[in-house]
Amino acid sequence: MFTTTLNGLAPQLFSPHGYCLLWNPGLMGLHVLSDGVIAVSYYSIPFGLAFFVRRRKDLAYRWMFLLFAAFILACGTTHIFDIWTLWHPDYLAQGLIKAITAVLSLGTAILLWPVLYQALTLPSPAQLAKVNAELTAEIALRRQVLAELEVEAAERRLLAERLRQNKARLQAILDTAVEGIITIDQQGIVELCNPAAARMFGYAPDEVVGRSVGLLMPSPHREDHDAYLVRYRSTGTGTTLGLGRELFGLRKDGSTFPIEIVVGEFDNGGRHFTGFLRDITYRKKLEERLQQHQAELLHAQRLSTAGELAAMMAHELNQPLGAMTNYLGGLTLRFKTILEANPALGETIDEAQRLAMRASEVVRGIRDLVHRRESGREWVAMGAIIDETLALVRQELARRGIKLEVVVAPTLPRFLGQRVHLQQLLLNLILNAMDAMESKPGGGRELRIEAKPVDDNDLEITVGDTGTGFTEELAERLFEPFVTTKPEGIGLGLSVCRTIVENHGGRISAFSALGKGASFRVVLPMEKEPS
Amino acid sequence: MNLDPTVFVVDDDPDMRNSLRWLLESIGLRVETFAAAEEFLETYTADRPGCLVLDVRMPGIGGLRLLEQLAEAGLPLPVILLTGHGEIAMAVQALKTGAFDFLEKPVPHQQILDRVRDALAVDRERRSRAAKRAAFSDRLAQLTQRECEVLNRMVEGESSKEIALALDISDRTVEKHRERLMYKMQARSAAHLIRLVVEHRESG
């Protein structure tokens, strides 16, 4: 049909191509075979290309492959027509096919050049491999860096956690500290104030932070502190740091109270100071009480000494005055008749007697004057009296290396007594014991104080020492005024003791083993407290 | 044994001792002086009547201790304490222990004499009562058993008839016992006898 059509276009003027070959079967076969093989080969290539293009979706210049496929297909067809024209002289059809092939070839060739140029810039697989390797290396590096960053981040988290724990710990310490803690900067501005410090001054912590620390100080401490900070800033010298100083604090309500303060310094991008504060109101009160107690005792001691002197004087004067009145009285009785005969004589004797009584009244007056100032009786507990007295000598006992043993029976009832005088009694006995042990070597100094009930109603107090002791002969006279074994003593201490004990209706006695020690025993009747 | 009342003076001060002797002897009293309590205790025996004038403050055993010792022994004689400086507590203690009086020196001489006389009277009275009591006890001891029985029933208030009935003896025999009892016990009447016995029992 194709031939017919072509024949219709071109008149049957040409002979088949085989004619040119003289229908030589060998030559014919060579052409047919060669063209056939070429055609089949050419036809196979576009399929391969089509397959390739279909499978490689990412391929660049797909259209170029498809154009190649079309162009090769056209070339294959020209070879088929070469075989056809051996027997059929359809040269127009062949020419048309060739023209189509030419157009496709030309198009392909024209389009190929810019593509080739562009394709040159496409990287080769080697290049790609190299790039790939570089990329891989970079990725590995990046991973390593990432891992390192991870470790660093973990460390940072750990540090942050530790920091947080430290901060929590510090906060807990600040919050629970009994001592007040305040930090200030170089200008004296409060940076930190823990609850204890705030409480001490009657503020809330945030009321103090950010304000000048002078707020917490009464005049003149405030001015002193300001001046101190100015001096410190300009010269960098100061000496308040370190050990505790006693100052006064100013509360929010305007009251002041004694504090003890220790100041520390630290550098944290500028100088800062930390103050540790302790409210020492209680301690001060105790000290005051002790001082007052000491003063009271000293006063009592002076009065007792005066009283003892007065009593001694009264005794020493009343003896001869008494003897005098006795003699004069005997005189008037024995010589009644003579005296009646000489009234002037009797009157003179009466006058002398009156004067003796008057002298004795003077003595009594002095004695009563001292006695009237003595404190009254109150309900006292011996244990407390011993404690109060020991408070005055504890330091001295420790200083002299004297071992102290105190045994107070737990069931001692309270009794009526003169508190200060009983303390004075104990103090005198303790001081004597301490002096008696002065010549003893340090190790053997022992003071023993014992208080226990004896019989039914009596209280026995013993003060024993391991001192030099005294002879039996001296023990008898020990309580007499002006009897002393001390070179600088006046010998009134034990005399005062005896007076105190006797004023309480008790007895005092001394026992000693010479060189081994002495012990003083006081027995007081206890008038029991009505329950 | 010396039964004359004696004023015993114990004082460590010789002036006081001697002046007291001088004063007390002025009114004819017998005086013995001692310089210490121990000295007095060594010499004194409880059968010696009199009184003790004692200084409170002395070396050794003081006046109060001596008073206590005497009190433990039944206080054989009244004690007048003298003090150079009277303390109320000491005075109270002394009087509680049984002191007859507590005087502060110098004592007006008349006061000493008065108190010493009072003390001697008390001692005399006490001793005579003790002597009477002793004599009555002696007489009681001389009664027979039957006489004792009759006396006890009389004191109980039984009549002669009741006693005769209870002891299964005749009224006449009871009467004889009563007469004998009154004679032996030196009683003026039955009523007197009963009173003497009751008094004796009460004082014992």
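Chain A and chain B bury about 2800 Å² between them, 53% of it from carbon and sulfur atoms. Buried area is the accessible area (1.4 Å probe) lost by two parts on being put together, summed over both. Of the area that chain A buries against chain B, A:Gln319, A:Asn326 and A:Arg334 supply 23%, more than any other three residues. The model is predicted: local features need pLDDT of at least 70, and side-chain atom pairs count only at pLDDT 80 or more, while totals for chains, interfaces and linings use all residues. Residues are numbered from 1 along each chain as its sequence is written, chains are lettered from A in the order in which they are written, and side-chain values use heavy atoms, without hydrogens and water.

In the interface, 30 residues of chain A are in contact (heavy atoms within 4.5 Å) with 33 residues of chain B. One salt bridge is counted between the chains. A salt bridge places a side-chain nitrogen of Lys or Arg within 4 Å of a carboxyl oxygen of Asp or Glu. A:Arg507 forms a salt bridge with B:Glu68, with the closest N and O atoms 3.2 Å apart. On the side of chain A that touches chain B, α10(A) gives the most, with 17 residues.

Within chain B, helix α6 (residues 145-155) packs against helix α9 (residues 190-203) at an angle of about 90°, and their axes are 10 Å apart. α6(B) and α9(B) are therefore roughly perpendicular (65 to 115 degrees) to each other. α6(B) contributes B:Leu151, B:Asn152, B:Met154 and B:Val155 to the contact. Residues from α9(B) include B:Leu193, B:Val197 and B:Arg201.

Methods. Axes fitted to C-alpha atoms, helices over the stretch in contact; angles between N-to-C directions. Helix = DSSP H or I, 4+ residues; strand = E, 2+ residues; numbered from the N terminus. Parallel < 35°, antiparallel > 145°, perpendicular 65-115°, else oblique.
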